[in-house]
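Me: Hi! I've got a protein open and would like to talk it through with you. Can you help me read it?

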Amino acid sequence: MTIAERKAREAHDRENPWRPMSEKAPVGLICDLLFDDMVGHFAAEGVRFFLDADGNWYRADASSMPLAKAINWRPAYCFLTPERRALLKSNARRAL
C-alpha cells in the first residue's frame, strides 16, 4: 500500500466511522460491514452490502446474503434503486 493509498483510506475512515448495528442504516444504502469471529474483528474488503426494507442485509454483487453476524456498518457508496434491490434479493435467495 502506497502512502497516498494509506492517506486516502484514513480519510475515508474519518469521514465514514463504524456505526453499531442498533443504529439502522437507511434502506438501500450500500455499506461496508464489520464482522466478528473467534479470532477478532474483520471487514469484508471489497464486498459491499445493503439493508433492505425486510431488515436483512444482502450483498451488492448479488451472490448471497452474509453468513456471519455483522457487528458494525458504515456507508460506502450510494443508494440502490428498489428495482435493483429486488433483483439482488432474488439472486441471493436462489443462491441459498
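Me: What share of the residues in the protein is buried?
Reply: Buried residues make up 32% of the 96 residues. Buried here means under 20% relative accessible area, exposed means over 50%, and partly exposed is in between, with a 1.4 Å probe and protein chains only. Bear in mind that this is a predicted model, where local features need pLDDT of at least 70, side-chain atom pairs count only at pLDDT 80 or more, and totals for chains, interfaces and linings use all residues. Residues are numbered from 1 along each chain as its sequence is written, and side-chain values use heavy atoms, leaving out hydrogens and water.

Me: Thanks. And how many helices and strands are there?
Reply: The protein has 2 helices and 6 strands, in the order α-β-β-β-β-β-β-α along the sequence. They are DSSP runs numbered from the N terminus: helices are H or I with at least four residues, strands are E with at least two.

Me: How many aromatic pairs turn up?
Reply: A search of the whole structure gives 2. In one of them, the ring centres of F35 and F49 are 5.9 Å apart and the planes are at 70°, so that pair is edge-to-face. Rings of Phe, Tyr and Trp (its six-membered ring) pair if their centres lie within 6.5 Å; planes under 30 degrees apart are stacked, over 60 edge-to-face, and the rest tilted.

Me: Where do F35 and F49 lie?
Reply: F35 is in strand β2 (residues 29–36) and F49 is in strand β4 (residues 49–51), so the pair ties together parts 14 residues apart in sequence. Both F35 and F49 are buried.

Me: Switching to charges: how many salt bridges are there?
Reply: The whole structure has 8, counting a side-chain nitrogen of Lys or Arg within 4 Å of a carboxyl oxygen of Asp or Glu. E10 and R6 form one of them, at 3.1 Å from N to O. Those two are 4 residues apart in helix α1 (residues 3–15), separated by about one helical turn.

Me: Are E10 and R6 buried or partly exposed?
Reply: E10 is partly exposed, at 34% relative accessible area, and R6 is partly exposed too, at 36%.

Me: What about R9 and D13?
Reply: Their side chains meet in a salt bridge at 3.8 Å, N to O. R9 and D13 also lie in helix α1, 4 residues apart, about one turn.

Me: And which residue does D32 form a salt bridge with?
Reply: D32 pairs with R74, with the closest N and O atoms 3.4 Å apart. This links distant parts of the chain, since D32 is in strand β2 and R74 in strand β6 (residues 70–79), 42 residues apart. Both D32 and R74 are buried. Salt bridges with shared partners join R9, D13, D32, R48 and R74 into one network.

Me: Which ring does the charged end of R74 sit over?
Reply: The ring of W18, at 4.2 Å from its centre. A charge sits over a ring if NZ of Lys or CZ of Arg is within 6 Å of the ring centre and within 35 degrees of the ring normal.

Me: Last one: is K89 buried or exposed?
Reply: K89, in helix α2 (residues 82–95), counts as buried at 15% relative accessibility. Leaving aside neighbours within four places in sequence, K89 is in contact (heavy atoms within 4.5 Å) with F50, D52, D54 and Y58.
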